[in-house]
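Subject: Structure handover

Hello,

Here is the structure I said I would pass on. My notes on it follow below.

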Amino acid sequence: MRPHYPIATHRLDNGLRVVVSTDHSVPTVAVNLWVGVGSRHERPGRTGLAHLFEHLMFQGSEHVAEGEHFAALLAQGAQLNATTWVDRTNYFEVVPTGALELALWLEADRQGRLLPALTQENLDNQRDVVKEEKRQRYDNVPYGTAYAELTALVFPDGHPYHHTTIGSMDDLDAASLTDVRDFYSAHYRPDNTVVTLVGDVEPDDGFALVARYFDELTNPAVRPDDVLADPLPPMTDPGRFERTADVPSDRLYLGFRLPVGGTHDFVRSDLSFDVLAGLATSRLYRRLVRRDQLVTHVSRNAGARVDGTSMGALIVDLTDGVQISQVEDAVGDELLRLASEPPTDSELAAVVADVERWWLQSLAQPGERADVISGSTLLYDDPEHLNTYLDEVAKVTAEDIAKSAATHLDPASAAAVVYRKEAK
Amino acid sequence: MVQPRPTVPPASPWGFPLATEHRLSNGIRVLLYNRPGQHITSTRLLVPTPLAVEPRELEGVATMVARTMDEGTRSHSADEMAELFELSGIAYGAGYGARGLTLETDATASRSAQGWALITECLSEPEFPEQEVGRHVRQRLAEIEHEAASPETRATKEWAATFYDQRSRAARPAAGTTDTVSRISSQDCARFHAQWVRPEGATVVVAGELDQTQTLRDLDATLGSWKVDGRAPQDDSPAAIVADGPARVRFVHRPGAVQTELYLGTFGPDRTVEGGWAPYPVLSFAVGGSPNARLDAVLREEKGYTYGFRAGFRPRDVGGTFIVSGSVRSDVTVEATRLTLQILQDARKGFTAEETRAATDYIGKTAPARYATADAVADEALMLESVGLGTEFVSSYLSQLAGLTPGDLDAAWARWADEPPTIVLVGDADAHADGIRALGIGEFEVVG
């Protein structure tokens, strides 16, 4: 089955792109903004700035007091937050229909008029909060830094994706008010932003409301260069990082360079990860978890990125007493086998059925639907992606997947991060 | 020019979607929530046998039954079952909570009936092959190690072991410990299943875009055919008795930890509490539900000690808890603990009209968005069913919100504020145990 969500698009004179997808089934509107700035835009010595900046967007703007953005929307029954990733920062809330205008007014104030409210005190406080976020999510949990270590192997030093979004403690400490102001002026611009409304609003009304609050926002004269990198070839001498640590079991991460997002090639490589490790019937799960029981858990992670090259990872937790090399060999066998033995009809059917179900289930949430629309519009100029993605998936053949595995999932091109359990 | 700040009109009243209620031929109760426009149909089934019936030495067997019912049946091998689910894109899950066994499927509408046939097979003819049970036992043993390594899960486990009387099931992990799980065999799973997993008392909730007649016909042909001879034994093992005595503090030592996890809990109300349930989600929000709530206003936004603290009343079927949790930078462990207790103490002085209005508005006005999808409706319905309530409970407490005054919040808070807390810290005890002990906040012990 295919979704047919209505999509209406509009562009303000200042370049802001607006998408409205009407759905009157619930008396709410999801308001979702994607700004084309993420950790890939950070300069050396200032990693973590995009994310720290996202926190500052909740600390008040010219007409909104500190803490008021959250307070005013929560009191109207909004669910809201923001996140930062390598390519973008998103800001979002689902509000009762009557609070749509308030949400747009609050968003426009911080998207266009943040700097008058920015203070050293706010910066210092949110820097502390972000450092605790880093400790809580990365430094104080087992394997917490493994993904950053893997990323640094997959993307060479100097590449925009070499460092992670949370940044380093030293760089967070070094961020100054001037850095923050410059960052805002460079990236927070209407012509670098998409606003999506999903829910209880008609397109023309939605466009008019967005125009009322965002029309006056202007673009700073100088737009920063954003020349995208060329694709990186598969690694010929992939890096390896090993450590012994206080972790509950040995764990192996394998990292791969994948095709840039927004392409058929990326979809094929994404599905090849599913055939390997996305399901209980996937090849690695069947062999390593069910049959040989060398590992207790296997998972996959492939995410589209815009700057030339995406990244995929396989993650396995080893059964106690099993050697890392034995598991690496077995995974390697399966990667090579996928290149030479395309998925069977039922393997492919299971993967396609799974994608169909989770895609429809996530789109059922208006907030998620709005996020998908903003993302595909900002990064790939494709607001209809939510309606067409399943067609694209259905076109992928078994041979496509084998070919993709042969190109991108050669075990000789896999970066590895190994965590060994400390002897006690 | 900058537009003036818009005003917000009152939101329209909202009620939880209404169910139609039916019975299958084997007695299973059916609740159908028709949700037009939903592409996915969500099914939740509850077999209400409390976790507390597990044999003490085999705790975790109920979870193991839930995890292996689909790993081979009389008709299909484990691999075949996985294929049958996945070829139809049916997401299947099963678990065992305090109130019983739950099975769930999410599938496109046209494939739901296939999912019901498959869960009927799991329920009625599981084989519990030794190879599969053995694998799941080893996976659970690895999972226990992972849980112990997570500061938050470690704190939760220590808290339950301290807060609940040792006689009660809630004092120990629902999915069992290393000792008990190591003993579980395929025969144990088969025995538990035969004794306790039966259609009597079971409820199935289906939410999605439904044709009622067809749905009932399909359910009756599948789940309605599940029959078990004989009756389940009687069992009244204690589920959740709170340990007597004073406030207790347990410091779980993590040498060199860069943060300390703080987990504090007291006895609290269930949904049938005198005075109504409505004040409690409101208090949860005002104390620990947002960056502006009392805890984060100080610990996060003023002091920068934490990424965020949460607090909330968590009802069980009888009685409940009030839990506060969060993690702080290691060097402020003592000060953050003191401040947390101070903030809770200060709540006795009363909640303001502004706090009351903001929190009641939040709880009331978020409801339409919280229950916008079929899976959210089905989850809520099954959870309430497990404690003997229907979803009219949601509409009823939401309608009580509008009338709540600061005095109502104060009275609800006061009812539980004298309950002695159990406090667990997971962090560097060498550095901070003395400081915590010196706060004099309860009987103190460092644990490994």
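Contact here means heavy atoms within 4.5 Å. With neighbours within four places in sequence left aside, A:Ser21 is in contact with A:Tyr5, A:Pro6, A:Ile7, A:Leu197, A:Val198, A:Gly199 and A:Ile373.

Conventions, briefly. This is a predicted model, in which local features need pLDDT of at least 70 and side-chain atom pairs count only at pLDDT 80 or more, while totals for chains, interfaces and linings use all residues. Residues are numbered from 1 along each chain as its sequence is written, chains are lettered from A and ligands numbered from 1 in the order in which they are written, and side-chain values use heavy atoms, with hydrogens and water left out.

Two single residues

A:Ser21 lies in strand β2 (residues 17-22) of chain A. Helices (H or I, at least four residues) and strands (E, at least two) are DSSP runs, numbered from the N terminus. A:Ser21 is buried, with a relative accessible area of 0%; buried means under 20% relative accessible area, exposed over 50%, and partly exposed in between (1.4 Å probe, protein chains only). Its C-alpha atom is separated by 26 Å from that of A:Phe266, 245 residues apart along the chain.

B:Gly440 lies in the loop between α17 (429-438) and β12 (443-447) of chain B. B:Gly440 is exposed, at a relative accessible area of 59%. From B:Gly440 to B:Ala247 the C-alpha to C-alpha separation is 10.0 Å in space, and the two are 193 residues apart in sequence.

Nonpolar cores

A nonpolar core is a set of buried Ala, Val, Leu, Ile, Met, Phe, Trp, Tyr and Cys residues joined through side-chain atoms within 4.5 Å. The largest has 121 residues, and those with the most contacts inside it are A:Phe53, A:Leu104, A:Tyr188, A:Leu197, A:Val210, A:Phe214 and B:Trp413. Helix α3 (residues 100-112) of chain A supplies the largest share of this core, seven residues. In soluble globular proteins, nonpolar side chains tend to be buried together.

Not counting residues up to four places away in sequence, A:Phe214 touches A:Leu12, A:Asn14, A:Leu16, A:Leu33, A:Leu104, A:Glu107, A:Ala108, A:Gln111 and A:Val195.

Sheet in chain A

Five strands form an open sheet in the order β7-β11-β8-β10-β9 (chain A), with mixed pairing. Two strands pair if DSSP finds at least two bridges between them. At the edges stand β7 (240-245) and β9 (295-303) of chain A, each with a single partner strand, so one side of each is left without a neighbour in the sheet. On average, neighbouring strands of this sheet are turned by 15 degrees against each other, direction ignored. Axes are lines fitted to C-alpha atoms, for helices over the stretch in contact, and angles run from 0 to 180 degrees between N-to-C directions.

β9(A) pairs with strand β10 (residues 309-318) of chain A in the antiparallel sense over eight bridges. The bridge partner of A:Ala302 in β10(A) is A:Gly312. Helix α9 (residues 264-277) of chain A packs on the sheet and touches β8 (251-259), β9 and β10 of chain A; its direction makes about 175 degrees with that of β9(A).

Strands in chain B

An open sheet of six strands has the order β1-β2-β6-β3-β5-β4 (chain B), and its pairing is mixed. Its edge strands are β1 (20-23) and β4 (91-97) of chain B, each pairing on one side only. Strand β3 (residues 40-47) and strand β6 (residues 203-208) of chain B pair in the antiparallel sense over five bridges, and B:Thr43 has B:Val206 as its bridge partner in β6(B). Helix α8 (residues 212-221) of chain B lies across β1, β2 (29-34) and β6 of chain B, at about 145 degrees to β2(B).

In strand β8 (residues 259-268) of chain B, nine of the 10 residues are buried, so the strand is largely enclosed by the rest of the structure. β8(B) pairs in the antiparallel sense with strand β10 (residues 320-329) of chain B over 10 bridges, and with strand β11 (residues 422-427) of chain B over five bridges.

Interface

The contact takes 72 residues from chain A and 65 residues from chain B. The area buried between the chains is about 5,800 Å², of which carbon and sulfur atoms give 57%; buried area is the accessible area (1.4 Å probe) that two parts lose on being put together, summed over both. Between chain A and chain B the count is seven salt bridges, a salt bridge being a side-chain nitrogen of Lys or Arg within 4 Å of a carboxyl oxygen of Asp or Glu. The side chains of A:Arg290 and B:Asp79 meet in a salt bridge at 3.6 Å, N to O.

Regards
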